[in-house]
Amino acid sequence: MSAPRFVVQRHRARNLHYDFRIELGGVLVSWAVPKGPTLDPAVRRAAFRVEDHDLDYYDFEGVIAGGQYGSGDVIVWDAGTWETPDDADRALENGELHLDLHGEKLRGRFVLIHTRTAANGKQEWLLLHKRDEYAIDGWDPEAHPRSVLTGRTNEDVRHHRPGRRGAADR
Ligand code: MN
C-alpha cells in the first residue's frame with residue numbers, strides 16, 4: 001500500500017485560512033488553520049477540527065460559488081505524503097498526533113494536539129513543528145503563496161487565469 005497523502009489548501013472564504021487534511025481511514029481528516037502551518041518551531045498555530053472530506057477533494061483547486069458555505073477561492077498550497085510512528089487512529093482519538101510530512105513546502109515532524117472542546121462541540125487543536133533538520137525560524141506560509149499543482153495564486157484562481165504544472169514555488 002502506498003503512503004497516505006496530505007494536502008493543505010489555502011482558502012480565501014469569509015476569513016482566510018488553510019485547510020490541513022490528512023488521508024486516514026478512507027477520508028480526509030481535516031483542520032482549518034487560520035494563520036497557516038509553519039516550519040518555525042517557535043510558533044504554535046490554532047487549528048480547528050472540521051468535518052472530514054471525501055478523498056475526491058484532495059486536489060480541488062478553484063472557485064466555490066458565492067453564497068455557499070465556504071465560498072471563495074482555493075489553491076492546493078501543499079501536498080505530499082505523511083506517516084506517523086504511532087497508531088494513527090489511536091493517536092487521533094487520544095488527541096496527540098505526530099506526523100512526518102513529505103510535502104513540497106512542509107517537511108519534517110509536526111504535532112497536532114487537541115487542547116479543548118468548546119461548548120458547541122468545536123474541537124480546538126494546536127499545530128506545531130518540532131525543532132528538527134527541516135525547521136526554519138521565522139518561516140512564513142504567506143511568503144510562499146503559490147499552488148504546488150499549477151503555480152497559481154488565489155488571485156489567479158479567482159480570475160480563472162491558467163496555470164502550468166511544475167511552476168510552483170517552494
Ligand atoms: Mn476551508
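A residue is called buried here when its relative accessible area is under 20%. Keep in mind that this is a predicted model.

Select His-11 to begin: its relative accessibility is 7%, so it counts as buried. Do likewise with His-17, which at 15% counts as buried too.

Now bring up the manganese ion. Its protein donors are His-11 through ND1, His-17 through NE2 and Asp-19 through OD, at 2.1 to 2.3 Å. Along the chain, these donor residues follow the spacing H-x5-H-x1-D.

Next, show the largest pocket, which holds about 630 Å³ of space. It is lined by 22 residues, and those closest to its centre are His-11, Ala-13, His-17, Tyr-69 and Gly-70. Colour strands E2 (16-24) and E4 (44-53), the elements that each give two or more residues to that lining. E4 gives the most, with 5 residues. Colouring by class, you'll find 9 nonpolar, 7 polar and 6 charged residues in the lining.

Time to head for the largest nonpolar core. It has 27 residues, and the ones with the most contacts inside it are Phe-20, Ile-22, Trp-31, Leu-99, Leu-106 and Leu-112. Among the elements supplying at least two residues each are E1 (5-12), E2, helix H1 (88-94) and E9 (123-129). E2 gives the most to this core, with 4 residues.

Stop at Trp-31 and list its contacts: leaving out residues up to four places away in sequence, they include Asp-19, Phe-20, Val-50, Leu-92, Leu-112 and Trp-125.

Conventions. Residues numbered from 1 in each chain as written. Predicted model: local features only at pLDDT ≥ 70, side-chain atom pairs only at ≥ 80, totals over all residues. Heavy atoms only, no water. Donors = N, O, S within 2.8 Å, 3.2 Å for Na, K, Ca; no water. Buried < 20%, exposed > 50% of the residue type's maximum accessible area, 1.4 Å probe, protein only. 1 Å grid on protein atoms, 1.4 Å probe; cavity = no way out; pocket = protein on both sides within 12 Å on 5 of 7 lines; lining within 4 Å. Points joined across faces, edges and corners; volume = space filled by probe spheres on them. Nonpolar A, V, L, I, M, F, W, Y, C, P; charged D, E, K, R; others polar. Core = buried A, V, L, I, M, F, W, Y, C linked by side-chain atoms within 4.5 Å. Contact = heavy atoms within 4.5 Å.
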